[in-house]
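Open the model in your viewer, keep the sequence beside it, and follow the stops below in order. Each stop tells you what to select and then what is found there.

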Amino acid sequence: SKEILAGVGAAKRLWVSENERPERGGWLHGATLSLVEPHAEHKLVTTQELQIFGQHNSMNALLAAPAAHAANVSLYAALEDIQPVPHRLQPVGTWHGILFIEDSGGGNPVNVAATIHTFSTHNLVLLVGGYRPQLTAEEIADMLHALQEKNGVHTLILFGQVRHELAA
């Protein structure tokens with residue numbers, strides 16, 4: 001991105017990264033989301049304080065923070081109030097230490113694989129389904145690989161139009 005934008009106008013550029021501290025923008029350092037300026041760093045929230053799960057959601061929050069700051073909108077409190085999208089990585093309860101996650105909005109095995117990786121440290125019942133016509137063998141292989149390498153999935157409950165393909 002930096003190479004592409006190097007010759008584009010004089011607009012203020014805000015960068016986000018989880019790998020290195022940018023000069024200006026957002027930084028996910030460990031579990032902390034920070035707003036970064038040339039000579040200052042402001043902690044916003046930790047990933048544990050967010051009400052959403054998944055690295056991709058943390059990065060979405062990280063993208064929103066410097067943009068809001070540039071527009072003089074404070075996101076400090078708003079980041080802590082973000083709720084999961086219905087049917088996507090949505091916690092539905094805990095029973096005997098088992099976390100139940102409804103993820104029918106994922107709708108395909110690639111998203112199921114990402115969900116499994118997101119909750120790799122939990123004892124998990126994962127409810128997945130949805131609609132996705134003609135799943136490919138590669139997509140299903142991603143899900144199976146994630147299930148084989150992560151022992152956190154206690155039970156996988158399949159429903160919706162893709163349940164038969166996922167089960168097979």
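Begin by selecting R88 and D103, whose side chains meet in a salt bridge at 2.6 Å, N to O, where a salt bridge is a side-chain nitrogen of Lys or Arg within 4 Å of a carboxyl oxygen of Asp or Glu. The pair links distant parts of the chain, since R88 lies in the loop between α3 (76–80) and β5 (90–95) and D103 in the loop between β6 (98–102) and α4 (109–118), 15 residues apart. Both R88 and D103 are buried, a word that here stands for under 20% relative accessible area, with exposed meaning over 50% and partly exposed in between (1.4 Å probe, protein chains only).

Before moving on, note that this is a predicted model, in which local features need pLDDT of at least 70 and side-chain atom pairs count only at pLDDT 80 or more, while totals for chains, interfaces and linings use all residues. Residues are numbered from 1 along each chain as its sequence is written, and side-chain values use heavy atoms, with hydrogens and water left out.

By the rule given above, the count comes to two salt bridges, so select R21 and E41 next, whose side chains meet at 2.9 Å, N to O. This pair, too, links distant parts of the chain: R21 sits in the loop between β1 (15–17) and β2 (25–29), and E41 in strand β4 (residues 40–46), 20 residues apart. R21 counts as partly exposed because its relative accessibility is 34%, and E41 counts as partly exposed because its value is 38%.

Now colour by secondary structure, which shows six helices and eight strands; helices (H or I, at least four residues) and strands (E, at least two) are DSSP runs, numbered from the N terminus.

Which strand is largely enclosed by the rest of the structure? Select β7 (124–128), because five of the five residues of β7 are buried. From this strand L124, L126 and V128 point one way, and V125 and L127 the other way. In a regular strand the side chains alternate between the two faces of the sheet.

Four bridges join β6 to β7, and the two run parallel, with I101 standing opposite L126 in β7. Five bridges join β7 to strand β8 (residues 153–158), again running parallel, and V128 stands opposite L158 in β8.

Next, show the side chains of the largest nonpolar core, which has 15 residues, those with the most contacts inside it being I101, V112, I116, F119, L124 and L126. A nonpolar core is a set of buried Ala, Val, Leu, Ile, Met, Phe, Trp, Tyr and Cys residues joined through side-chain atoms within 4.5 Å. β6, α4, β7 and α5 (137–149) each supply at least two residues of this core. A second, separate core of 14 residues includes L28, L33, A61 and A65.

Finally, colour by pLDDT, the predictor's confidence in each residue, from 0 to 100. The protein averages a pLDDT of 78, and 83% of the residues score at least 70. Where pLDDT is low, the predicted coordinates should not be read in detail.

Conventions
Two strands pair if DSSP finds at least two bridges between them.
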